[in-house]
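Good morning, and thank you for making the time. I would like to walk you through one model, which you will see on the screen in a moment.

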Amino acid sequence: MRRTLLGCALAAGALLTVTACSSDDGTSAYQTDYTGHEPLHVVGYPSTGSLGVVQEAVWRLADGDTDALADLSVEDGPAEKTARNWVESFGRAAKGEVTADFYDEGSTRQTVVLYFAKSRQTKEITARIGDDDTWGLVLNESDPKEASAGPTWAPAKPGGTGSRSAGG
Amino acid sequence: MYDLLDPWTPTQKGGELLAALDEAPFADAAPLADQDLAPVVQSWLEQESGEGLAVRLPAAERASTAAYHSARATDTALRPKLEIDYVAPTAPGAPQDVRVTPGDAGLLATWNAPQDNGSAGDEPQYTVVVTKADGSEAARVTSPEPRAVVGGLANGTAYRVAVTARTAHGTSPAATGADAVTTAAVPAGSAAYREIVRQYLDARAGLLTGKHATVTAALAASPRAASFQDLLKAQAPGLVESREALARHGSTYTDATAALSDVLVGTDDSGRVFLRAAVDEKAVLKQGADDPTGEADEGRQEQRFTFSTNGGAPILHLEADAPAAETVLTESASTWQGLDVAPAEGQDADDVPDEPIALDADGFPVEETATVRPAIALRAAVSGSGTAKWASKNIGTKWEYGQDCTNFVSKALYYGGRMKTRMGGRKHDRAWWQQYYLFGSIKNKSYTWSGTENFRRHMTKYRKAPSVSKRNARPGDIVLFKWKKERVYNHAAVVVGNNGRDLQLRQHGGVSRTTLSAAIARYRNKANYIERVVILRPKSRS
């Protein structure tokens, strides 16, 4: 039985460490990306869609590829400027270990907090499914100060509040 | 071309016809031969009502005449024709990627839907057959979801699993798991793990209701606290904060319970014990002393609890959404829904005025005084109770899009509320329609049917749907949400109840059964919080 690496990663649970899956040409781009970056550590309740787009966003941050990061934007807006701000603030740290904490549930949208171990920075992002049924990110932070700020509400450690929003 | 809203009798005069017309034409002015009547005929069949169509010349051409030909026209070339293409129905394809996980006296089978549902528009039902090594059948279960827990099996026995998909048009070939799996008991027995999970869920519920004021108290009340104290301590601040935020708005949760069903305990590939179960959580949200009964808040989720061992004692260290953790993508991209809806580019919510309800400093709707007048009674032709009933009854209906919220709302208005369709170009905000072809296997819908911002524009500009306050909201109204960092409204839900303090909502996207306060609370304090909420009252005639 063949399957994609992402599928194996999901099946493996929270820690995305996969070695035993075969692949085909359709997944070679994913494999290239996956093996070319640090594996993303995941906490919380991702869906296949939210996990895939957050994984890709972290890779693009690590690559410093602002155009590809901006392409993940799910709607019109200052995506390019936001992508430049994010790469500037988090690009270096994204090359190291990153943990993504997926809050609540990810059927159509999800709040995700990224923890960059190297710099001890945190960053809150929104992943959501767009009107064309592909997952993307909300990139609407043209102000560098806003783009580099960490969430005040998030716990110090990933999963620290059980990946559930208060009241949600 | 106009849809007739009232029955028409031969004794009525032409002038009376104008009063029976829908307020907007069903279709734009175009030569009659170019009109596609399939959508309106489909709506008559689906809504089980249809009073007919009226054709009116454009104002500038009222002096001219229009002619039509019947099936008895002398010139046979002028007679209307009905052409029917027959397409033979087909059975679905086989399920894909069957995976089997053994457990204690049972197993979990998961799979992906067939790439091809054949002629069926609806999702198939699945049948799972478990056989022993000698080929004899050990168990058989059916499931509407692409997964099933099978219990009642013997331990230390090898089993194989085969899955078939069935629709009204036939049954697929069987798909089988790659290898046989062998069931096995877990150390210390399943009951111990089940008890730990039960106590953990009870302790969590106790923190939310206030039965336990602190996490220390919650742990002290649980004999198996040592097995889940770290997980509960991590969640406690959020639960307490939630309880206190609700209390500030006069609300409290009571009678919170959690029940486990379809339980499977086993050992995963890493040697860790897992407990997988459907968790039914129920609670009652009471809003002040004048709300003795409260509103039921309930949800069902399949959860996977994973344990580690620390010197022999099991420690519950991870709780995850089971279907998400067990999903395996099919190699074909066809598991992703097709690209079917895209909004017009360059939209902004401010392009079309809205009248959002007032939110307070906590982000919750401002409490209104009881002196607020009810909304003016409108000559509503959309049945609010019908919309709400449909939404409640069909909350589990199949998602047709990755983002299905507005499609769900439109179906509730159409099938439940009997809101009339409007013809027009697929991308135009004036139109509101859906079409299915080939037994539903091909769908085509106006952007306003499935896109939230397009829907809001349609309702506001073309149906003159008024905005109502939270207090005046009633079943069948539609709630639309806009997030701070997004340019347009991106989520819609149906109101199914209003107790004066909060609205009960049904939605596709997020928790299916929720309240307005809970929906807002999820994003409170986030950078991308809900900044605007508008409540629209659908009507079809003004």
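Throughout this talk, two residues are said to be in contact if their C-beta atoms, placed from the backbone, lie within 7 Å. Please also keep in mind that this is a predicted model.

Let me start with a pair of helices in chain B. By the contact criterion, Gly386(B), Thr387(B), Lys389(B), Trp390(B) and Ala391(B) in helix 7 of chain B meet Ala412(B), Leu413(B), Tyr415(B) and Gly416(B) in helix 8 of chain B. The residues of this contact divide into five nonpolar, three polar and one charged. As for the geometry, the axes of helix 7, residues 384-393, and helix 8, residues 405-416, both of chain B, come within 8 Å and cross at roughly 125°, which makes helix 7 of chain B oblique to helix 8 of chain B. The crossing of helix 7 of chain B past helix 8 of chain B is right-handed.

Staying with chain B, helix 3 covers residues 190-209, and its 20 residues reach 29 Å from the first C-alpha to the last, close to the 28 Å expected at 1.5 Å a residue. Buried residues in helix 3 of chain B include Tyr193(B), Ile196(B), Gln199(B), Arg204(B) and Leu208(B). After helix 3 of chain B comes Gly210(B), with a positive phi near 95°.

Turning to chain A, we find six helices and five strands, and from the N terminus on the elements of chain A run α-α-β-α-α-α-β-β-β-β-α. Of the 168 residues in chain A, 56% are buried, and among the contacts in chain A with a separation of 6 or more, 60% join residues 24 or more positions apart.

Note on methods:
Residues numbered from 1 in each chain as written. Chains lettered and ligands numbered in written order. Predicted model: local features only at pLDDT ≥ 70, side-chain atom pairs only at ≥ 80, totals over all residues. Axes fitted to C-alpha atoms, helices over the stretch in contact; angles between N-to-C directions. Helix = DSSP H or I, 4+ residues; strand = E, 2+ residues; numbered from the N terminus. Parallel < 35°, antiparallel > 145°, perpendicular 65-115°, else oblique. Left-handed = near helix turned anticlockwise from the far one by under 90°. Nonpolar A, V, L, I, M, F, W, Y, C, P; charged D, E, K, R; others polar. Buried ≥ 20, exposed ≤ 12 C-beta atoms within 10 Å, placed from the backbone. Expected span 1.5 Å × (residues − 1).
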